[in-house]
Amino acid sequence: MTTISKDNRVVTLINVFTVEPENQQKLADMLVEATEKTMKNLSGFVSATIHKSADGVRVANYAQWRRREDFEAMFKNPEATAHMKPIMEIAKFDAHLYEVVESTSVL
């Protein structure tokens, strides 16, 4: 489950993909499939949330990993990299690791 809190000791990946509008849903589906089939089974995976932008040209992946090392190990997993190849063929990406500084809610 995705929990956003500065007390939650995870590494957060925010990856924003840019695609042609006709590929936005396809990319979102590919990311969901990669998460369901592979990523969620990798050591250190915590959660992933896929978002589509209202303008139709971006898809964002907000993912949490237990540690930076777990996230980095994913790049050495052949199943994970097999999912990444077709994604890179239709999208550009801007991925960075983050730490939560603050999370405020009225609920």
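Q: Which residue in S3 does Ser47 stand opposite?
A: This is a predicted model, where local features need pLDDT of at least 70, side-chain atom pairs count only at pLDDT 80 or more, and totals for chains, interfaces and linings use all residues. Strand S2 covers residues 45-52 and runs antiparallel to S3; strands here are DSSP runs of E with at least two residues, helices are runs of H or I with at least four, and both are numbered from the N terminus. In S3, the residue standing opposite Ser47 is Gln64.

Q: How many bridges join S2 to S3?
A: Residues are numbered from 1 along each chain as its sequence is written, and side-chain values use heavy atoms, with hydrogens and water left out. Two strands pair if DSSP finds at least two bridges between them. For the antiparallel S2 and S3, the bridge count is 7.

Q: Which residue in the turn of the S2 and S3 hairpin has a positive phi?
A: S2 and S3 form a hairpin with 5 residues between them. The phi in question is about 80 degrees, and the turn residue that has it is Gly56.

Q: Where is the bridge partner of Thr12 in S3, and where in S4?
A: S1 (residues 11-18) is joined to S3 by 8 bridges, and S1 also pairs with S4 (residues 92-98) over 7 bridges. Both pairings are antiparallel. For Thr12, the S3 partner is Gln64 and the S4 partner is Tyr98.

Q: Why is one side of S2 and of S4 left without a neighbour in the sheet?
A: Follow the order of this open sheet of 4 strands: S2-S3-S1-S4, with antiparallel pairing. Each of S2 and S4 has a single partner strand, so one side goes without a neighbour because S2 and S4 stand at the edges.

Q: Is Asn15 buried or exposed?
A: Asn15 is found in strand S1, and its bridge partner in S4 is Ala95. Leaving aside neighbours within four places in sequence, Asn15 is in contact (heavy atoms within 4.5 Å) with Val59, Ala60, Asn61, Phe93, Asp94 and Ala95. Buried means under 20% relative accessible area, exposed over 50% and partly exposed in between, using a 1.4 Å probe and protein chains only. Asn15 comes out at 9%, so it counts as buried.

Q: How many of the 8 residues of S3 are buried?
A: S3 spans residues 58-65 and is mostly covered. Out of 8, the number buried is 6.

Q: Which elements do the buried residues of H3 pack against?
A: H3 covers residues 78-90, and its buried residues are Ala80, His83 and Ile87. Their packing partners are S1, H1 (24-37) and H2 (68-74).
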